[in-house]
Amino acid sequence: MAATESKGELQTIDLSKLNIQQLAQLKNQVDNELMVFQDSVHSLKIAQTKFLESKESLDKITPESKGKDIMVPLTGSMYVPGKIADSEKVIIDIGTGYYIEKDVEAAKDYFKRKVAFVTEQMEKIQAIGVEKSKIKEVLMDVMESKIQIMGAQRPVAADT
């Protein structure tokens with residue numbers, strides 16, 4: 001048996017009652033869901049890395065940094081030269097085009113919380129992925145046993 005979710009309700013399916021084609025369709029659906037979960041984990045990993053890098057960059061800002069030359073990112077691949085005007089406050093990107101000013105310690109805390117949140121989300125998605133993988137394994141086992149049964153039931157051609 002396999003469990004699937006529909007509209008928040010858990011639905012149990014008796015796999016032994018499904019034919020090979022239905023099992024294959026269900027396996028394809030589970031494969032697609034697994035790919036979505038893997039893509040989500042990958043995207044979250046990228047976000048986690050960016051938050052960690054931002055936090056590490058803040059570790060390099062000290063009171064002695066004031067007036068030092070830096071390269072300011074305009075895009076992911078374009079930088080312009082600049083100077084650190086204030087080594088006690090930074091402007092951080094909080095998403096969707098919004099920026100806020102925080103002191104360095106508050107900004108570090110912000111990125112620490114973001115890393116923790118993203119890590120928690122990744123763990124949730126990975127747990128769901130593990131369950132979907134188990135369902136896929138069960139589906140494969142049922143399909144294999146049905147194929148073996150079908151092969152055993154086929155009449156052997158008589159020798160002439």
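How much accessible surface does the chain have, and what share of it belongs to carbon and sulfur atoms? The accessible surface comes to about 12,000 Å², and 56% of it belongs to carbon and sulfur atoms; accessible areas here come from the Shrake-Rupley method with a 1.4 Å probe, and for residues only the protein chains shown count as cover. This is a predicted model, in which local features need pLDDT of at least 70 and side-chain atom pairs count only at pLDDT 80 or more, whereas totals for chains, interfaces and linings use all residues. Residues are numbered from 1 along each chain as its sequence is written, and side-chain values use heavy atoms, with hydrogens and water left out.

**Overall architecture**

- The secondary structure of the chain comes to 2 helices and 6 strands, where helices (H or I, at least four residues) and strands (E, at least two) are DSSP runs numbered from the N terminus.
- Read from the N terminus, the elements follow the order β-β-α-β-β-β-β-α.
- The chain is more spread out than a compact globule, because its radius of gyration is 27 Å, well over the 15 Å that the globule rule gives for 160 residues; the radius is taken over C-alpha atoms, and the rule is 2.2 Å times the number of residues to the power 0.38.
- Along its principal axes, the C-alpha trace spans about 95 × 40 × 25 Å.
- Of the 160 residues of the chain, 24% count as buried, a class that means under 20% relative accessible area, with exposed meaning over 50% and partly exposed in between (1.4 Å probe, protein chains only).
- Among contacts in the chain with a separation of 6 or more, 49% come from residues 24 or more positions apart, contact meaning heavy atoms within 4.5 Å.
- The mean positions of the 22 positive and 25 negative charges are 2 Å apart; Lys and Arg count as positive and Asp and Glu as negative, while His and the chain ends are not counted, and the place of a charge is taken as NZ of Lys, CZ of Arg, CG of Asp or CD of Glu.

**Nonpolar cores**

- The largest nonpolar core has 14 residues, of which Leu58, Val90, Ile92 and Phe111 touch the most other members; such a core is a set of buried Ala, Val, Leu, Ile, Met, Phe, Trp, Tyr and Cys residues joined through side-chain atoms within 4.5 Å.
- The elements that give two or more residues to this core are H1, strand E5 (89-95) and H2, and H2 gives the most, with 8 residues.
- Apart from this core lies another, of 11 residues, among them Leu18, Val30, Ile135 and Val142.
- In soluble globular proteins, nonpolar side chains tend to be buried together.
- Phe111, leaving aside its neighbours within four places in sequence, is in contact with Phe51, Ser54, Lys55, Leu58 and Ile92.

**Residues of helix H2**

- Val118 has its place in helix H2 and is buried, with a relative accessible area of 5%.
- Once neighbours within four places in sequence are left aside, Val118 is in contact with Leu44, Gln48 and Phe51.
- The C-alpha atoms of Val118 and Lys108 are separated by 15 Å, the two residues being 10 residues apart along the chain.
- Lys132 also belongs to helix H2 (residues 104-153), and at a relative accessible area of 15% Lys132 is buried.
- With neighbours within four places in sequence left aside, the contacts of Lys132 are Val30, Glu33, Leu34 and Phe37.
- Glu131, likewise in helix H2, counts as partly exposed at 44% relative accessibility.
- Glu131 and Leu34 are 97 residues apart in sequence, with 9.8 Å between their C-alpha atoms.

- Ser57 is found in helix H1 (residues 20-59) and, at 42% relative accessibility, counts as partly exposed.
- Between the C-alpha atoms of Ser57 and Lys108 the separation is 9.3 Å, although the residues are 51 residues apart along the chain.
- Pro63 is found in the loop between H1 and strand E3 (69-73), where Pro63 is exposed with a relative accessible area of 63%.
- From C-alpha to C-alpha, Pro63 and Asp93 are 22 Å apart in space, and they are 30 residues apart in sequence.
- Thr96 lies in the loop between E5 and strand E6 (98-103) and counts as exposed at 76% relative accessibility.
- The phi of Thr96 is near 45 degrees, a positive value in a residue other than glycine.
- Most residues other than glycine have a negative phi.
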